Amino acid sequence: MITIASVDHRLHAPKSELAFGEFVPPYENPRRVDSILSRIAETKLGPVLPPERFGPELIRRVHSAPLLTFLETAWNQWSAHFGKDAPPALPLSWPVGGMRHIEPEGIAGKFAFFALDASTAITPTSWAAVRSAVDVALTAQKRVADGERTAFALCRPPGHHATADNYGGYCFINNAAVAAEAFRQGGARRVAILDVDYHHGNGTQAIFYRRPDVMFVSLHGAPETTYPYFAGYADEAGEGPGEGFNANYPLRHGTKWDAYGAALGHAIQRIENYGPDALVISLGLDTFEKDPISYLKLRSEDYIRIGEAIARLRRPTLFVMEGGYAIEELGLNTVNLLQGFEA
Ligand code: Q9C
Ligand code: ZN
């Protein structure tokens with residue numbers, strides 16, 4: 001299997017993350033990619049190639065102009081107010097229910113308007129890393145669209161929490177959604193996105209919620225107890241023309257392979273019935289038993305079975321990296337899944 005990866009992911013590396021009431025070293029950090037690349041080399045999974053550069057057209061089909069302008073200019077506006085040595089930029093308030101959703105003029109207000117949480121810092125070079133992750137996704141997508149059975153987009157930062165209008169959950173641009181849109185523009189009539197990250201892919205779901213041409217299917221920690229809390233319930237089925245093309249499988253804390261595998265079987269059957277021309281996997285490995293911020297209990301060998309189950313769909317398949325924070329085993333678990341797919 002070919003992997004696409006960019007060295008520019010290192011440009012996004014905030015010094016700290018606000019988590020559980022204090023600043024801690026970021027869970028989402030460049031060592032995640034190192035772990036995966038070293039396992040790819042060790043197992044001779046296949047070549048690792050750099051991305052081509054893509055223009056902004058497909059990103060603009062997925063995200064609103066105000067969000068893109070904000071992400072590109074946020075650091076410059078922040079540092080104009082707080083100085084070039086200012087700490088990474090974070091929001092401190094939010095427009096909750098009953099308030100006005102009007103973009104403020106000042107930069108602190110803009111953070112409040114565009115962010116969906118306070119765990120996703122922006123540094124001077126974050127935007128360059130974010131753009132490189134989109135190029136990684138689109139380069140891998142192009143190979144699959146051009147006839148390869150599969151490719152692995154080793155994106156960092158991840159994307160599935162980013163909506164058309166908001167960033168957060170370590171995500172800025174929704175790489176998987178942009179890749180799905182690229183399949184559609186390239187002539188695929190139906191695209192299915194299967195999201196196996198521990199966290200619900202609220203961004204991807206929202207982007208395609210009213211569309212029948214892109215089905216979104218997700219397995220994730222139940223929203224009653226799990227970030228992002230306000231999406232991911234089983235009754236979210238899509239809306240309007242998209243009704244029936246969204247499927248959520250919320251799972252309780254402590255879920256092991258038995259219940260996970262059963263839910264995965266249902267999810268895969270949904271996709272089989274849909275009959276997509278292309279499949280995008282939002283590949284998170286934070287369902288692992290030792291993940292430091294998650295509460296599912298999958299083991300390393302279970303990822304081989306997830307890969308095998310995905311392969312049974314026999315569709316052109318693009319893997320797009322999302323989360324996974326047990327860095328020591330992240331490479332092993334990721335490559336197990338990809339090898340299970342290829343076996
Ligand atoms: N700081 C992805 O896996 N906060 N995003 C969790 C610990 C946000 C996870 C609490 C978790 C986002 C792509
Ligand atoms: Zn996650």
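## Report on a predicted model

Helix H3 bends by about 55 degrees at threonine 73.

**Helix H3.** The helix spans residues 65-82 and contains 18 residues. From its first C-alpha to its last it reaches 25 Å, close to the 26 Å expected at 1.5 Å a residue. Its buried residues are Leu67, Phe70, Leu71, Ala74, Trp75 and Trp78. Helix H4 (107-114) and helix H5 (126-145) are among the elements that cover these buried residues. Glycine 83 follows H3 and has a positive phi, near 95 degrees.

**The open sheet.** Eight strands form an open sheet with parallel pairing, in the order S4-S1-S5-S10-S9-S6-S7-S8. Strand S4 (48-49) and strand S8 (246-251) are the edge strands, each of which pairs on one side only. Two of the strand pairs are set out below.

| Strand pair | Sense | Bridges | Facing residues |
|---|---|---|---|
| S1 (residues 3-4) and S5 (residues 150-153) | parallel | two | threonine 3 and phenylalanine 152 |
| S7 (residues 214-221) and S8 | parallel | six | serine 218 and asparagine 248 |

How many residues of S8 are buried? Six of the six are buried, so S8 is largely enclosed by the rest of the structure. The burial applies to both faces of the strand: Asn246, Asn248 and Pro250 lie on one side, and Ala247, Tyr249 and Leu251 on the other. Asn248, one of these buried residues, is also the residue that stands opposite serine 218.

**Lysine 15.** This residue is located in the loop between S1 and strand S2 (17-19). Is lysine 15 buried or exposed? Lysine 15 has 11 other C-beta atoms within 10 Å and is therefore exposed, the cut-off for exposure being 12 or fewer. Its C-alpha atom is separated by 42 Å from that of glutamate 243, which lies 228 residues away along the chain.

Which residues come nearest to ligand 1? Of the 17 residues around the ligand, these are Ala19, Ser119, Pro158, Gly169 and Gly323. By residue class, the shell comprises six nonpolar, seven polar and four charged residues.

Methods: Residues are numbered from 1 along each chain as its sequence is written. Chains are lettered from A and ligands numbered from 1 in the order in which they are written. This is a predicted model: local features need pLDDT of at least 70, side-chain atom pairs count only at pLDDT 80 or more; totals for chains, interfaces and linings use all residues. A residue is near a molecule or strand if its C-beta atom, placed from the backbone, lies within 6 Å of it. Ala, Val, Leu, Ile, Met, Phe, Trp, Tyr, Cys and Pro count as nonpolar, Asp, Glu, Lys and Arg as charged, and the others, Gly among them, as polar. Helices (H or I, at least four residues) and strands (E, at least two) are DSSP runs, numbered from the N terminus. The expected span of a helix is 1.5 Å times one less than its number of residues. The bend at a residue is the angle between axes fitted to the seven residues ending there and the seven starting there. A residue is buried if 20 or more other C-beta atoms lie within 10 Å of its own, exposed if 12 or fewer, and partly exposed in between; C-beta atoms are placed from the backbone. Two residues are in contact if their C-beta atoms, placed from the backbone, lie within 7 Å. Two strands pair if DSSP finds at least two bridges between them.
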